Amino acid sequence: MWTVVACLVPPLVLSVFIFGIQTLIITAVSVASCVAVEAATQKALGRRVTIGDGSAVITGMLIAFVIPPGVSPLLPVLGAVMAIAIGKHLLGGIGYNIFNPALLARAFLLATFPVAMTSAWLPPLSDMAIFSYLGTPIDAIATATPLAVLKTQGLGAFTDQFGVGANLYTNFFLGWRPGSIGETSGLLIVLGGLYLLYRGYITWHIPVTVLGTIALLSWGFGGETLFSGDPLLAVLSGGALLGAFFMANDYVTCPTNKTSQLIYGVGVGALTVLIRLKGGYPEGICYAILLMNPVSPVLDGFFKPKRFAPLQGGAK
Amino acid sequence: MASLLTFPKGGVHPPASKGLTENLAIEVMPVPDELEIILGQHIGAPCTPTVASKDAVQEGQVIGEVTKGLGVPLHAPVAGTIKALGMSGHPMRVSAPSITIQTNKEVVPAQYSRCDWQKLSKEELLAKVHGAGVIGIGGAGFPSHVKLNPPADNPVDTLILNGAECEPYITADHRQMLENAKEIVEGATVILKILGIKQCFIGIENNKPDAIKTMTEAAAAASTPEYTVVVQPLQVKYPQGSEKQLIQSITGRKVPGFALPSAVGVVVHNVSTARAIYDAVVLSKPLYEKVMTISGKGIKRPANLLVKVGTKVSDIVEYLGGVTPELSKIVMGGPMMGFAVSSLDIPVTKTTSSVLFLAEDEIDTTPHSQCIRCGWCLEACPMGLEPKEIALYVEAGRPQDTGQFGVFECFECGCCAYVCPAKRPLVQFVRLAKMKAKR
């Protein structure tokens with residue numbers, strides 16, 4: 001668990017230089033409240049307190065990673081209650097939660113604070129003056145995310161604001177654009193994910209199918225005409241990379257069988273593109289994962305490991 | 001050298017930890033004052049004692065007979081006097097009926113000489129194997145004469161000797177192969193003659209290059225147009241020495257469900273069992289001694305010992321200079337499949353291949369937590385089972401419904417528990433499930 005935490009630290013550090021100290025405050029509040037809520041819930045339920053296992057810390061970081069950096073620090077506190085108390089421990093604790101707790105928190109916050117959650121985006125700093133946003137009313141500085149611009153104002157406004165070609169991709173890949181902490185630096189997210197792959201903590205099945213499906217479907221249906229969409233942009237924008245490497249393949253809520261995982265990954269990718277292109281929200285991977293989470297046990301029920309030597313008559 | 005074979009699905013790579021004993025020659029432990037011989041050493045009904053209290057017995061004399069069903073006779077490991085027919089400690093059954101012999105140290109140890117076994121018929125050879133009390137001493141304790149006489153509708157064409165010794169720490173078979181290669185290979189030819197077949201493979205994991213070399217030389221010397229004995233180096237992967245995995249590695253054949261290896265034309269014996277068959281047939285010496293590994297950081301002097309069956313672990317500990325202050329857990333058998341014991345007052349049986357005295361840093365005492373469904377156990381299971389589901393069903397109070405996950409196909413190798421990041425005792429859950437589930 002702590003390795004995953006370590007993999008999330010570089011994007012967090014970078015985000016401080018992009019959006020200011022605000023991101024660190026939000027993350028600290030989120031992690032602290034997740035750990036506190038976990039301890040309190042476990043005490044209240046009479047269970048062993050397991051805050052040392054790092055799982056609440058990861059949830060705290062991921063909540064901070066998927067909300068706008070300009071929101072009030074009270075939002076992640078509410079998110080922590082939703083994620084840990086309701087989404088995790090009331091469903092049986094670690095291993096028994098159906099939904100990814102961090103994404104459940106995001107969905108909850110998006111429903112309860114729709115304005116803050118869709119508008120409190122900070123424009124990237126150009127001068128590394130990391131304290132400059134402190135104390136400034138959010139309305140004065142808020143901007144819109146690339147996917148929101150693309151969705152509401154169209155491709156013209158998008159290219160005006162974020163550029164075109166290699167310049168655009170580089171900015172997106174490095175993280176200099178409005179967005180949540182987790183959707184900024186694609187580079188560091190991918191590096192963290194590759195490290196987890198290298199250590200054997202995750203496998204390629206879900207990240208590759210999620211990103212592959214997003215790229216393929218965005219290319220096919222994301223443009224003015226068929227097969228004129230921009231697959232690279234689709235993968236680099238929104239929380240696609242964070243979702244693919246750190247959320248869709250969450251052990252607890254994804255299937256365990258490899259075949260199930262491939263189908264699940266395609267499902268997450270397809271739903272993401274569907275929501276982005278046809279749904280009411282500019283970004284879709286959060287709901288895509290939440291929608292696929294309860295399908296995991298169903299998939300695992302269909303696809304069983306190949307038994308070495310099944311007993312005749314013994315198996316039901 | 002042929003390419004390295006292995007089984008395709010599952011398996012793990014635990015640290016071998018064999019360095020403590022792999023270079024130590026087998027050492028004969030002096031006979032202790034008293035031996036406790038457990039009556040049920042093999043799979044099948046326990047023996048019935050044929051001696052009474054205060055009887056004098058000779059080394060090699062039968063002291064227990066099989067009265068019903070599957071089984072082999074039991075022999076006195078030493079000359080002495082029967083002290084009692086009572087109960088002894090047992091690693092799995094807590095306690096078990098046994099015969100206690102008071103050693104008579106005046107009597108000279110028995111001597112055995114070669115006989116001309118080539119002239120004997122299959123039936124006579126089988127009778128010798130049975131009469132000498134030979135069982136599968138790799139661990140299962142299945143009577144060897146039964147394996148050597150497969151059902152007529154299952155023609156056998158291949159013998160495999162298991163020298164994989166994939167359990168960490170244990171080096172008993174390794175040392176046997178180095179020191180008794182000729183005897184093992186001659187034992188193999190005895191088995192080939194009994195089975196009436198020509199082909200024998202000896203599977204050895206590649207982390208024992210010296211054993212592979214010694215056994216290859218012995219096999220080459222013994223191979224004739226009549227019999228071919230070939231050493232097959234195997235990839236180092238636990239549980240390479242599991243019967244079904246070993247057969248698949250070497251022959252590519254899959255033993256179905258509850259069937260015996262003879263269903264796919266194979267008979268498997270441990271290398272140490274081949275040695276016991278050599279003793280039984282060539283030397284007419286019954287099986288009452290055992291080479292075992294005593295290892296771990298918790299024992300003063302790790303060793304490979306030749307002990308009499310019935311020697312108590314406490315006597316072994318005393319002989320090896322006692323335990324170290326770091327000792328934290330005692331395991332009979334290997335670290336993957338063995339049983340932790342709470343007493344040293346337990347006698348060695350024909351199937352005890354090791355006693356490990358493990359220090360704090362050699363074991364993991366982290367408390368287990370809930371299953372996080374990472375699926376690592378699915379990847380590790382060589383049988384393609386779902387250990388996590390079995391454990392969840394047991395925890396939920398439904399052990400009787402675990403048949404659907406193949407609980408009876410599990411041979412408790414422990415790969416799942418080894419990889420489990422939540423440290424769940426999956427093998428123990430499986431054992432509980434097996435008690436309650438329906439076949």
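How many residues does the contact take from chain B, and how many from chain A? Hello everyone, let me start there. The contact takes 26 residues from chain B and 20 residues from chain A. If we sort the chain B side of that contact by class, we get 11 nonpolar, 8 polar and 7 charged residues. Please keep in mind throughout that this is a predicted model.

Let's look at chain A next. Chain A has 16 helices and 0 strands. Its radius of gyration is 20 Å, close to the 20 Å that the globule rule gives for 316 residues, so chain A is as compact as a globular protein of that length. The C-alpha trace of chain A spans about 70 × 50 × 35 Å along its principal axes. As for burial, 49% of the 316 residues of chain A count as buried. And if we take the contacts in chain A between residues at least 6 apart in sequence, 70% of them join residues at least 24 apart.

Now over to chain B, and to one strand that I'd like you to find on the screen: β9(B), residues 158–163. Is this strand mostly covered or mostly open? Mostly covered: 6 of its 6 residues are buried. You can see this on both faces of β9(B). On one side sit Thr158(B), Ile160(B) and Asn162(B), on the other Leu159(B), Leu161(B) and Gly163(B), and all of these are buried.

Who are the neighbours of β9(B)? One is β10(B), residues 199–205, which pairs with β9(B) in the parallel sense over 6 bridges. Another is β12(B), residues 266–270, again paired with β9(B) in the parallel sense, over 5 bridges.

Let me come back to Met215(B) for a moment. Which residues does Met215(B) touch, leaving aside those up to four places away in sequence? They are Gly163(B), Met177(B), Ala181(B), Ile202(B), Ile204(B) and Val231(B).

Last, some backbone details. As background, most residues other than glycine have a negative phi, and most peptide bonds are trans. Here are some spots in chain B to look at with that in mind.

The peptide bond from Tyr238(B) to Pro239(B) is cis, with omega near -5°. Pro239(B) lies in the loop between β11 (228–234) and α6 (243–251) of chain B.

Then there is Lys54(B), which is not a glycine but has a positive phi of about 75°. You'll find Lys54(B) in the loop between β3 (48–49) and β4 (56–57) of chain B. Is Lys54(B) buried or exposed? It is exposed, with 10 other C-beta atoms within 10 Å.

Ser284(B), also a residue other than glycine, has a positive phi near 55°. Its place is in the loop between α7 (271–282) and β13 (289–295) of chain B. Ser284(B) is partly exposed, with 16 other C-beta atoms within 10 Å.

Notes
Residues are numbered from 1 along each chain as its sequence is written. Chains are lettered from A and ligands numbered from 1 in the order in which they are written. This is a predicted model: local features need pLDDT of at least 70, side-chain atom pairs count only at pLDDT 80 or more; totals for chains, interfaces and linings use all residues. A residue is buried if 20 or more other C-beta atoms lie within 10 Å of its own, exposed if 12 or fewer, and partly exposed in between; C-beta atoms are placed from the backbone. Helices (H or I, at least four residues) and strands (E, at least two) are DSSP runs, numbered from the N terminus. Two strands pair if DSSP finds at least two bridges between them. Two residues are in contact if their C-beta atoms, placed from the backbone, lie within 7 Å. Ala, Val, Leu, Ile, Met, Phe, Trp, Tyr, Cys and Pro count as nonpolar, Asp, Glu, Lys and Arg as charged, and the others, Gly among them, as polar. The radius of gyration is taken over C-alpha atoms; the globule rule is 2.2 Å times the number of residues to the power 0.38.
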